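User: Please examine the model shown below and answer some questions on its fold and helix packing.

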Amino acid sequence: MVFELFKGQSGSGLEAVEARIEEMLHTCGEVLGLAISAFEPGMSAREIGPLVRETDRKVNKTERSIRRDLVVHVSVQSGADLPLVLVYMSIIKDIERIGDYAKNIWDVAAALEDGGPDLSMMDPLFERTIALVSEIADAYVSRDTERATALLNRCDGWLDEYDDNVDALMLSELPSTVGVPQALLNRHLKRVTAHLMNVLTSVVMPFDRLDYWDEDKIDRD
Amino acid sequence: MWIRAVAVLAFLFLFLVGVKALESGIKAFGADTAERLFELVSSPIAALSAGILATVLVQSSSVSTATIVGMVGSGALTLTAAVPMIMGANIGTTVTNTLASLGHIRQGQEFRRAFAGATIHDFFNIISVAVLLPLELWTGFLSRAATYLTDVLTGRDIAVSAVPSSSPIKDAIEVPIGLVTRAVEALTDVPAVRGFTLLAVGLALIFTALTSITRNMRMLMAGRIEASLNAMLSKGAGLGAMVVGMLITISVQSSSITTSVLIPLVAAGILSLENAYPVTLGANVGTTITALLASLAADRPEALTIAITHTLFNLTGILMLYPIPAVRRIPLVLARRLAETAQQHKQLVLAYVLGAFVALPVIGIVVF
């Protein structure tokens with residue numbers, strides 16, 4: 001700790017926070033991938049469970065550590081960049097929630113372990129969500145507003161699609177053993193997508209309107 | 001960045017000019033002023049109280065200790081009278097982080113932690129003074145040791161030497177001081193007015209220069225301070241934290257900055273009281289650098305002696321209160337108890353701040 005006073009780093013500690021947010025996003029992609037892999041044929045949800053929980057704990061640990069760094073930053077820098085610190089607080093909460101939804105997705109797989117319905121219709125939705133994490137991370141790190149806007153618009157469409165799927169499942173004649181897991185997974189994927197969108201709103205929206213992309217269409221238009 | 005570094009050096013030079021102007025101002029008042037000043041702080045309690053009150057008023061022990069060094073350097077204040085004053089400055093400086101902790105007063109648990117984090121510094125300094133001041137008055141062990149070190153460092157025997165010492169720094173300071181003195185002399189012939197003007201110029205320069213050094217160094221060092229605090233939070237405290245506290249304070253020239261930065265961390269619960277404690281002790285030692293720097297501008301070696309006494313006092317306080325775990329816990333326990341009471345009775349906070357930092361020092365000056 002004494003050596004840090006003599007090291008070359010003299011800029012804002014927020015650069016380190018930024019790097020750890022990127023790391024947190026990638027870890028989230030990892031935990032989501034692990035949870036979804038429990039649905040693959042031949043995979044055992046029970047065996048994957050400890051890995052999912054361990055990776056999620058890593059996400060939570062990084063969140064707590066970033067929070068500590070942000071308090072230190074505000075204390076040392078006298079709150080000069082307080083809005084940015086608040087943005088980071090909002091972002092890490094969203095990323096942490098993605099880890100929780102990954103566990104919820106795994107819960108569905110674990111409940112169906114001993115003989116569940118065929119859920120292969122969910123595969124395209126799973127794949128696009130895993131790919132979305134990387135896309136969001138790239139757009140966030142590069143602060144590419146055009147790409148961010150395009151991604152947000154695409155995700156906005158997905159949110160409607162997940163809602164439509166759940167509505168359709170509620171009215172369908174499918175047995176509950178098939179309809180309930182599908183509805184739950186659609187709901188969880190919708191929340192993962194929404195939290196990923198929240199992260200990206202920080203690139204294109206002012207602080208007071210963070211997280212409100214899907215509820216702010218009139219303003220945007 | 002380089003502009004700031006150069007500005008810091010320029011302000012440091014201005015600070016030394018300020019100390020010298022203060023010294024010249026006191027000398028210009030004449031010998032009877034020195035006698036009156038001696039009478040005012042002839043009692044150690046009065047001198048201690050003056051040190052506390054002066055530091056509370058300027059919210060900076062760096063300014064008050066530099067002023068004391070300037071007064072000792074001019075011969076207006078003896079070493080014996082200055083030692084309690086410098087100890088008082090140590091207590092007075094703790095008011096800043098106590099005030100910083102009041103920002104959390106609406107949040108119960110948060111305030112309790114913040115107030116304990118702030119008052120641990122108060123209790124450490126009060127206990128140090130309560131033990132070391134009587135010992136110093138009885139034996140003179142701190143000032144004797146400081147006199148010996150001054151003799152070693154200057155290569156002179158200050159007990160017999162009355163000739164002002166010289167150095168390249170002092171020679172450089174003489175140029176602006178000569179200009180200021182001549183300008184004041186051209187304005188008035190009255191010694192008291194000359195003295196007052198030089199004194200005011202000196203104090204203004206010391207205050208402005210130190211404030212500017214602190215502001216610039218804080219900006220220069222913020223990233224490094226942040227990184228070292230982050231490392232401290234992940235690795236724990238101990239002697240390393242003490243060194244961090246000392247180095248941060250030396251770099252920003254203000255123990256109040258170091259201790260006040262800790263308050264939100266303690267309040268948020270991410271830095272424990274036990275881990276904040278050594279950082280404040282390091283800040284106590286680090287802040288003595290200002291008096292040592294101020295002594296560079298002074299004529300008399302006694303100025304260096306009082307600056308060294310300041311350092312020795314803080315080091316002795318640490319050696320007395322920190323190594324033995326049972327003794328180390330005393331300020332922690334007292335701070336926690338006071339904070340618990342303060343959380344339940346918020347009016348006590350105001351009574352504590354006004355009582356310890358204003359009323360008691362005023363009584364100390366008036367009565368003693």
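Analyst: The radius of gyration used here is taken over C-alpha atoms, and the globule rule is 2.2 Å times the number of residues to the power 0.38. The model is a predicted one.

User: What radius of gyration does chain B have, against that of a compact globule with 368 residues?

Analyst: For 368 residues the rule gives a radius of gyration near 21 Å, and the value for chain B agrees with a compact globule. The C-alpha trace spans about 60 × 50 × 40 Å along the principal axes of chain B. The radius of gyration of chain B is 20 Å.

User: What percentage of the residues of chain B count as buried?

Analyst: A residue is buried if 20 or more other C-beta atoms lie within 10 Å of its own. Among contacts in chain B with a separation of 6 or more, 83% join residues 24 or more positions apart. The buried share of the 368 residues is 54%.

User: How are α11(B) and α12(B) oriented to each other?

Analyst: The axes of helix α11 (residues 239-252) and helix α12 (residues 255-267), both of chain B, come within 7 Å and cross at roughly 130 degrees. Angles of 65 to 115 degrees count as roughly perpendicular and those over 145 as roughly antiparallel. The two helices, α11(B) and α12(B), are therefore oblique.

User: Which residues in α12(B) does α11(B) meet?

Analyst: The crossing of α11(B) past α12(B) is right-handed. By class, their contact has 3 nonpolar, 4 polar and no charged residues. From α11(B), the residues G245(B), I248(B), T249(B) and V252(B) take part, and they meet S255(B), I257(B) and T258(B).

Terms used: Residues are numbered from 1 along each chain as its sequence is written. Chains are lettered from A and ligands numbered from 1 in the order in which they are written. This is a predicted model: local features need pLDDT of at least 70, side-chain atom pairs count only at pLDDT 80 or more; totals for chains, interfaces and linings use all residues. Axes are lines fitted to C-alpha atoms, for helices over the stretch in contact, and angles run from 0 to 180 degrees between N-to-C directions. Helices (H or I, at least four residues) and strands (E, at least two) are DSSP runs, numbered from the N terminus. Angles under 35 degrees count as roughly parallel, over 145 as roughly antiparallel, 65 to 115 as roughly perpendicular and the rest as oblique. A crossing is left-handed if the near helix is turned anticlockwise from the far one by less than a right angle, and right-handed if clockwise. Two residues are in contact if their C-beta atoms, placed from the backbone, lie within 7 Å. Ala, Val, Leu, Ile, Met, Phe, Trp, Tyr, Cys and Pro count as nonpolar, Asp, Glu, Lys and Arg as charged, and the others, Gly among them, as polar. A residue is buried if 20 or more other C-beta atoms lie within 10 Å of its own, exposed if 12 or fewer, and partly exposed in between; C-beta atoms are placed from the backbone.
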